[in-house]
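Please consider the structure shown below with its sequence.

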Amino acid sequence: MSSNDKKPRSHLPMRNTTHARFVPYDAKDPDMVMTPIEQLLPPEGAPNVLIVLIDDCGFGASSAFGGPIATPMAERLAAGGLKYNRFHTTAICSATRQALLTGRNHHNAGMAGITEIATGQPGYSSVLPNSMAPLAKTLKLNGYNTAQFGKCHEVPVWQSGPTGPFDQWPTGGSGFEYFYGFIGGEAHQWYPALFEGTTPINAPKTPEEGYHLVEDMTDRAIGWIQQQKAMAPDKPFFTYFAPGATHAPHHVAKEWADKYKGKFDAGWDALREETFARQKKLGVIPADAQLTPRPKDVPSWDEMPEAFKPALRRQMEVYAGFLEFTDHHVGRLFDTLEKIGAMENTLIYYIIGDNGASAEGSINGCYNEMSYFNGLQALETAEYLTERMDKLGGPESYNHFAVGWAHAMNTPFQWTKQVASHWGGTRNGTIVHWPKGIQAKGELRTQFSHVIDVAPTILEAAGIPEPISVDGITQDPIDGTSMLHSFNDAGAAEHHDTQYFEVMGNRAIYHKGWTAVTKHYTPWIQGPRIPLDDDVWELYNTNTDWSQARDLAKEMPDKLREMQRLFIIEAARYKVLPLDDRMFEKINPDTAGRPVLVKGKTQLLTGNMGHLSENCVINIKNKSHSVTANIVVPEGGAKGVIIAQGADIGGWCLYVHEGKLKYCYNWGGFKHFFAQGATELSPGEHQVRMEFAYDGGGLGKGGKVTLYVDGNKDGEGVVGATLAMIFSADDGCDVGKDGGSSVSPDYRAGDNTFTGKIKGVMLSIAEDDGKHLIDPADAIRMAMARQ
């Protein structure tokens with residue numbers, strides 16, 4: 001722990017100049033006293049800080065905690081530091097990240113779930129109160145250099161566009177001086193939608209040239225750390241390294257996946273047994289811990305049809321390769337710290353998962369994760385998956401593994417990500433390393449801890465007080481408790497006695513070893529949810545039942561009622577109430593009560609716009625609509641994309657192919673529907689238009705496409721079905737090119753830029769009767785006249 005220098009660090013920012021007591025006329029006056037310009041620095045001895053947060057990785061995945069996947073860098077770090085085997089997250093990504101970076105419970109910090117389902121309720125809004133300054137901001141205002149790399153899933157969706165506001169972007173109000181990564185829940189590791197600061201940028205090379213996001217962001221992080229230590233060696237850094245791995249899509253080169261060839265052939269039930277035995281041998285779980293039974297909603301390996309098993313095995317091989325590949329690059333960060341002499345005084349948190357492993361791939365896993373969200377997973381038959389098995393993990397896939405593998409990755413616990421009631425959703429192995437501050441090497445710590453404890457631990461280690469006010473706003477107290485007291489004392493008393501958990505109705509309360517829990521819904525089972533009051537509660541004494549294997553609810557009803565009352569008290573204290581288990585209502589901003597970025601029935605886009613997420617573009621799904629563009633064709637003709645939304649896993653695009661206007665609708669990667677124009681576009685200015693007449697009759701239906709050039713009908717086609725909910729979780733809308741993987745097979749990724757000029761593109765949706773379109777020609781002319 002650093003020394004306290006008695007500076008007024010409780011009110012931030014601190015005053016950066018002082019008023020001179022004596023002001024002479026002439027600077028040469030002998031009584032003149034030069035006031036030195038004081039640099040902003042933290043207390044002497046404050047450590048560098050590196051937080052590594054792996055995505056969607058369960059307690060039983062990493063070899064450091066007995067899992068089947070080799071993570072030698074995690075093991076190496078643990079050998080020189082500490083393993084925490086009772087460290088907890090929130091069960092879902094945005095919530096865990098908001099809690100980690102603020103030290104506050106996730107509802108208290110406005111992040112009940114993910115940003116895409118925010119509502120108008122304070123605990124569910126995704127808006128971080130300005131009375132809860134993020135850790136990075138507190139450190140920066142105390143003299144740290146700060147940088148974030150990788151995933152940021154804490155930006156409210158209506159603020160994720162190119163105009164901001166950037167209050168919750170990493171380099172906006174979140175306190176990071178540099179950011180390189182992506183905004184949203186997941187990224188295509190081969191074709192990511194990247195930002196540097198708040199500026200959208202392209203990946204530096206293609207997959208064919210060896211590009212992968214994890215390697216790229218590691219290179220950037222290494223470069224930033226080296227530069228920081230070269231230019232400001234007297235200042236510590238705070239680096240937050242949050243790869244999208246191992247969240248779906250599980251993307252990794254074939255040679256990494258092939259390292260696990262045949263290792264999972266026995267299936268997930270056998271894998272749980274093997275992992276459980278290793279965990280006991282390694283000592284990361286107690287000798288008397290029990291392996292929890294497989295829930296009935298998770299099929300046994302023997303129940304799975306044989307036709308699916310080859311693809312199922314490959315899914316797990318790919319996931320394993322993805323995690324080992326990620327750990328390898330995390331190790332490059334550690335190597336850099338050692339090479340530049342910074343490792344000794346760098347406090348490292350290696351948190352292996354922001355929640356449990358994800359079961360969002362459903363029962364059979366999937367080649368395209370978006371099929372799950374669009375209700376099309378039945379189309380991914382055994383034959384379909386087997387045909388594409390060799391492509392799993394590659395640039396053409398957007399894959400996820402099956403529920404059974406997710407459950408096995410959370411050994412020895414019940415359930416998975418999203419299930420905040422049980423340790424399978426919330427307990428994540430964590431490693432802490434700080435040679436200067438931790439004398440113990442290779443030891444285990446068993447104190448109950450939570451992700452909200454990281455921020456106060458770092459502040460205490462740096463000798464920085466929790467701020468009373470930031471930017472003139474009185475701060476709410478940090479909810480977490482420091483873990484520093486346990487660094488050098490294995491038997492230290494637990495400071496974190498009580499903790500609630502809740503995600504979309506799945507909820508629990510922990511108090512001094514006891515847990516009362518209720519699973520309200522199962523993530524991979526669709527359909528109406530039972531009333532909250534009908535939920536069945538379970539009771540566990542984890543002082544003697546470490547893995548939540550023996551339910552005591554019927555034996556101890558009074559204790560259960562006591563714990564249920566405590567949940568209500570904590571839920572009221574931290575803005576959990578009213579409980580909100582709705583899903584479709586929260587996806588729709590109108591019923592959710594959150595703002596929308598784009599209002600009305602038209603939207604004008606210009607030729608330099610890109611990386612626009614689906615929340616930044618007018619929603620054309622399940623309705624009639626038109627796309628109108630004013631373009632200039634150069635001498636010799638034009639080719640390339642006028643506008644595209646989505647990716648090779650689903651979307652649509654309007655483009656010029658072989659000199660003619662063409663439209664492609666990509667139905668989830670299962671089928672492409674086309675409409676081709678008849679007229680070769682001559683040099684000069686043209687207005688081109690696509691009108692889509694939706695068939696109606698429900699969600700995801702088809703429609704008729706008509707193409708126009710300069711007001712004249714030029715071609716038509718039929719789209720047999722559409723995507724009802726989402727095109728792509730990360731690949732957005734681009735004007736003048738298709739910036740990620742290709743929507744249409746007619747062009748290649750990275751080589752599809754429109755060769756002419758695009759003056760503007762107007763998206764228009766139908767009036768309420770679903771048939772009459774806003775006149776696109778008039779709309780685009782009027783909108784462009786206002787520019």
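The face of helix α13 turned away from its buried side carries the exposed residues Asp558, Arg565 and Ala572; exposed means over 50% relative accessible area, buried under 20%, and partly exposed in between, with a 1.4 Å probe and protein chains only. This is a predicted model, in which local features need pLDDT of at least 70 and side-chain atom pairs count only at pLDDT 80 or more, while totals for chains, interfaces and linings use all residues. Residues are numbered from 1 along each chain as its sequence is written, and side-chain values use heavy atoms, with hydrogens and water left out.

Helices (H or I, at least four residues) and strands (E, at least two) are DSSP runs numbered from the N terminus. The buried residues of α13 are Lys559, Leu560, Met563, Leu566, Phe567, Glu570 and Ala571. They cover an arc of only 135 degrees around the axis, which puts them on the same side of α13; the arc is that of the directions from the helix axis to the C-beta atoms. These buried residues pack against β16 (498-503), β17 (506-511), β18 (514-518) and β19 (538-541), where contact means heavy atoms within 4.5 Å. Just after α13, lysine 575 takes a positive phi of about 70 degrees.

Elsewhere, three strands form an open sheet of mixed pairing, in the order β1-β14-β15. β1 (11-12) and β15 (473-474) stand at the edges, each with a single partner strand, so one side of each has no neighbour in the sheet. Two strands pair if DSSP finds at least two bridges between them. β1 pairs with β14 (residues 469-470) in the parallel sense over two bridges, and serine 469 in β14 is the bridge partner of histidine 11.
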